[in-house]
Amino acid sequence: DHSGSPTTRCGYVAIVGRPNVGKSTLLNHILGQKISITSRKPQTTRNNVVGIKTEGDIQIMFVDTPGMHLGQQKAINRYMNRAANTAMKDVDVVVFVVDRFIWTEEDEAVAEKLQYASCPIILAVNKVDQVEDKESLLPHLEVLSKKLNVAEIIPLSALRNVNLDRLEQLIIDRMPEGMHMYPEDQITDRSSRFMAAEIVREKITRQLGDELPYEMAVEIEEFKQEGNLLNIGALILVEREGQKRILIGDKGERIKLIGIDARKDMEKLFDMKIMLKLWVKVKSGWSDDERALRSLGYND
Ligand code: GDP
Ligand code: K
Ligand code: MG
């Protein structure tokens, strides 16, 4: 380098795997900030969400993906698989997340897709905090390393921050030279409106046991700052009348709790006082309607 200026590095990392292995939790813990919603239910993440981490000369864009899943064939499910597929291309590193010893046909499907990846793959064996006998992991890692063509295998716990620094180093080692694409304080490529809608969706997903399937979407109708107050109005779309009743709850108790939880997270994220209003509306068929999906922001 003739100019003598420091060389910066910049690259993309896709976080892939089947639903519920802990991809979004991993992203949030690497960033040290919650930008991708999580829950114990599959299909919590519906869009690719980019989390940006800049440290000194190195900027890394982590793409969190909806879990690759088999089976359901509604438009919304096809959309999610497409998003995950797209993310695997044109990245510098893929982090393939699996859950301890568990290997399902959905993991197998992800592994098959990854055969065609042109970048190095790091296999992250997550949730090792749940493995009592750590020794028992070694033969398992050995089996995985023979079965899969991966550059590295690393056991970790996203939730408990075990081995995350090691994972980060493995990623950093593989980041190409390049100019940074985002200002150093930017943490996501997603808009504030998107983040607000996601927070509401997370609280609903968490509040509602298994009563409400994946048939709910959130649309931000109002997003307006007045002095120190941010007014947010969110419309929750469900497929059926019964789902609306469940969501609102007895005397509106449930929707109230959802609103309280969501507002707390929003105040943390936006660092402002929030006035949050929620409405619920029945709109049948949206989850299998390509046009409705696009209008809800599920674009490619
Ligand atoms: P995703 O669908 O792959 O994005 O998975 P999530 O990040 O939403 O996590 C699914 C569930 O696994 C949530 O209940 C998380 O709290 C949990 N989870 C994620 N990482 C870990 C981990 O390292 N240890 C344990 N015990 N649970 C985890
Ligand atoms: K999940
Ligand atoms: Mg997720």
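What follows is a conversation about sheets, metal ions and pockets.

Visitor: What kind of model is this?
Guide: Residues are numbered from 1 along each chain as its sequence is written, chains are lettered from A and ligands numbered from 1 in the order in which they are written, and side-chain values use heavy atoms, with hydrogens and water left out. Local features need pLDDT of at least 70, side-chain atom pairs count only at pLDDT 80 or more, and totals for chains, interfaces and linings use all residues, for this is a predicted model.

Visitor: Which residue in β5 is the bridge partner of Val97?
Guide: Strand β4 (residues 93-99) and strand β5 (residues 121-126) run parallel, joined by 6 bridges. In β5, the partner of Val97 is Ala124.

Visitor: Which residue in β9 stands opposite Leu229?
Guide: There is also an open sheet of 3 strands, in the order β7-β8-β9, with mixed pairing. Its edges are β7 (216-226) and β9 (273-282), each with a single partner strand, so one side of each has no neighbour in the sheet. Strand β8 (residues 229-238) runs parallel to β9, and 10 bridges join them. Opposite Leu229 stands Lys273.

Visitor: Which helices pack on that sheet, and what angle does α8 make with β9?
Guide: Contact here means heavy atoms within 4.5 Å. Helix α6 (residues 192-207) touches β7, β8 and β9, and its direction makes about 130° with that of β7. Helix α8 (residues 253-270) also touches β7, β8 and β9, and its angle with the direction of β9 is about 140°.

Visitor: Which residues coordinate the magnesium ion (ligand 3)?
Guide: Donors are N, O and S atoms within 2.8 Å of the metal (3.2 Å for Na, K and Ca), and water is not among the atoms, so sites may look incomplete. Ser24 lies in helix α1 and Thr45 in the loop between α1 and β2, so the pair ties together parts that are 21 residues apart in sequence. The coordinating atoms lie at 2.0 to 2.2 Å, and they belong to Ser24 (OG) and Thr45 (OG1).

Visitor: How far is the potassium ion (ligand 2) from the magnesium ion (ligand 3)?
Guide: The potassium ion has its own protein donors, Asn20 (OD1), Ser39 (O) and Lys41 (O), lying 2.6 to 2.8 Å from it. Asn20 lies in the loop between β1 (9-16) and α1, and Lys41 in the loop between α1 and β2, so this pair ties together parts 21 residues apart in sequence. The two ions are separated by 4.7 Å.

Visitor: Which helix gives the most to the lining of the largest pocket?
Guide: On a 1 Å grid over the protein atoms alone, a cavity is a set of points where a 1.4 Å probe fits but cannot get out, and a pocket is an open set with protein on both sides within 12 Å along at least five of seven lines; lining residues have an atom within 4 Å of a point. The largest pocket is lined by 29 residues, of which Asn20, Gly22, Thr25, Ser39 and Lys127 lie nearest its centre. With 5 residues, the helix that gives the most is α1 (residues 23-31).

Visitor: How much space lies in the second largest pocket?
Guide: Its lining has 14 residues, with Phe194, Ala197, Val218, Leu296 and Gly297 nearest the centre. Helix α6 gives the most to this lining, with 5 residues. Grid points are joined across faces, edges and corners, and a volume is the space filled by probe spheres set on the points. For the second largest pocket that space is about 270 Å³.

Key:
Two strands pair if DSSP finds at least two bridges between them. Helices (H or I, at least four residues) and strands (E, at least two) are DSSP runs, numbered from the N terminus. Axes are lines fitted to C-alpha atoms, for helices over the stretch in contact, and angles run from 0 to 180 degrees between N-to-C directions.
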